[in-house]
Amino acid sequence: MMIKLDAVDYGVLKHLQVDGRMPFTDIAKLLGVTSGTVRNRFDRLIENGVLDIRAHVDTYKAGFRSPAIVLVRTRAGSLDSVAEAVAEYSEVDHVAITPGDYDLDLTVSCRHNDHLLSLVNYKIQATDGVEDTRIKPVLKIVKSRQVSVAQIQPRTDIKKDKIA
């Protein structure tokens with residue numbers, strides 16, 4: 001179920017993205033609402049899956065020195081089951097269904113190249129429905145972050161009959 005977000009919801013999200021530990025009283029002051037309103041919005045955003053609170057870990061600094069993109073081609077009719085199966089592997093950070101020569105793009109974090117090779121050879125390629133894989137080692141991560149809520153918040157200053 002998709003919930004409708006308003007300016008207060010986006011404000012809560014925006015401030016939590018900047019500082020996930022910002023007190024509700026501080027957010028309330030910045031938004032001009034009560035801390036109870038912020039608490040209620042926070043709870044609703046969590047309940048509806050819009051917001052998920054977790055720590056951001058720099059995997060490279062935590063010892064995962066072999067990040068990679070793994071492309072996966074699946075057998076006809078097995079795309080969903082393969083996507084669900086590989087999503088369960090602890091090394092897999094992101095699973096995207098994509099068009100083109102390969103059906104899935106996986107972003108993985110491995111401790112070293114032997115770990116990456118083992119993941120691909122003994123887990124991913126052994127998954128029922130996988131036909132082929134291609135490994136693209138990541139040499140350097142230039143940017144890794146979530147889109148800013150400030151960038152996705154709908155603009156309210158545009159008339160509906162005009163295109164932004």
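This is a predicted model: local features need pLDDT of at least 70, side-chain atom pairs count only at pLDDT 80 or more; totals for chains, interfaces and linings use all residues.

User: Let's start with helices. At what angle do α1 and α2 pack, and how far apart are their axes?

Analyst: Helix α1 covers residues 7–18 and helix α2 covers residues 24–31. They pack at an angle of about 130°, with the axes 10 Å apart. Angles of 65 to 115 degrees count as roughly perpendicular and those over 145 as roughly antiparallel, and α1 and α2 are therefore oblique to each other. As for handedness, α1 passes α2 in a right-handed crossing.

User: Which residues of α1 and α2 make the contact?

Analyst: On the α1 side you'll find V8, G11, V12, H15 and L16, and on the α2 side I27, L30 and L31. Sort the residues of this contact by class and you get 6 nonpolar, 2 polar and no charged.

User: Now α1 and α3. How do their axes cross?

Analyst: Helix α3 spans residues 35–47, and its axis comes within 10 Å of the α1 axis, crossing at roughly 85°. The two helices, α1 and α3, are therefore roughly perpendicular to each other. From α1 the contact takes V8, D9, V12, L13 and L16; from α3 it takes T37, V38, R41, F42, R44 and L45.

User: How many nonpolar, polar and charged residues are in the contact of α1 with α3?

Analyst: That contact divides into 7 nonpolar, 1 polar and 3 charged residues.

User: That leaves α2 with α3. At what angle do those axes cross?

Analyst: At roughly 110°, with the axes of α2 and α3 coming within 8 Å. That makes α2 roughly perpendicular to α3. Here F24, T25, I27 and A28 of α2 meet S35, V38, R39 and F42 of α3. By class, the contact of α2 with α3 has 5 nonpolar, 2 polar and 1 charged residues.

User: On to the rings. What describes a pair of aromatic rings?

Analyst: You look at the distance of the centres and the angle of the planes. In this model the count comes to 1 aromatic pair. F24 and F42 form that pair, which is tilted, at 5.0 Å centre to centre and 55° between the planes. F24 lies in helix α2 and F42 in helix α3, so the pair ties together parts that are 18 residues apart in sequence.

User: Are F24 and F42 buried or exposed?

Analyst: Both F24 and F42 are buried.

User: Now the strand. Where is V72 found, and is V72 buried or exposed?

Analyst: V72 is found in strand β1, residues 66–74. The cut-off for buried is under 20% relative accessible area, so V72, at 0% relative accessibility, counts as buried. Setting aside residues up to four places away in sequence, V72 touches V82, Y102, D103, L104, L106, I124, V130, D132 and T133. Take T133 from that list: V72 and T133 are 61 residues apart in sequence, yet their C-alpha atoms are 4.6 Å apart in space.

User: And T74: which strand does T74 lie in, and what is T74 in contact with?

Analyst: T74 lies in strand β1. T74 has a relative accessible area of 9% and is buried. Leaving aside neighbours within four places in sequence, T74 is in contact with L79, V82, D103, L104, G129 and E131.

Notes. Residues are numbered from 1 along each chain as its sequence is written. Side-chain values use heavy atoms; hydrogens and water are left out. Axes are lines fitted to C-alpha atoms, for helices over the stretch in contact, and angles run from 0 to 180 degrees between N-to-C directions. Helices (H or I, at least four residues) and strands (E, at least two) are DSSP runs, numbered from the N terminus. Angles under 35 degrees count as roughly parallel, over 145 as roughly antiparallel, 65 to 115 as roughly perpendicular and the rest as oblique. A crossing is left-handed if the near helix is turned anticlockwise from the far one by less than a right angle, and right-handed if clockwise. Contact means heavy atoms within 4.5 Å. Ala, Val, Leu, Ile, Met, Phe, Trp, Tyr, Cys and Pro count as nonpolar, Asp, Glu, Lys and Arg as charged, and the others, Gly among them, as polar. Buried means under 20% relative accessible area, exposed over 50%, partly exposed in between (1.4 Å probe, protein chains only). Rings of Phe, Tyr and Trp (its six-membered ring) pair if their centres lie within 6.5 Å; planes under 30 degrees apart count as stacked, over 60 as edge-to-face and the rest as tilted.
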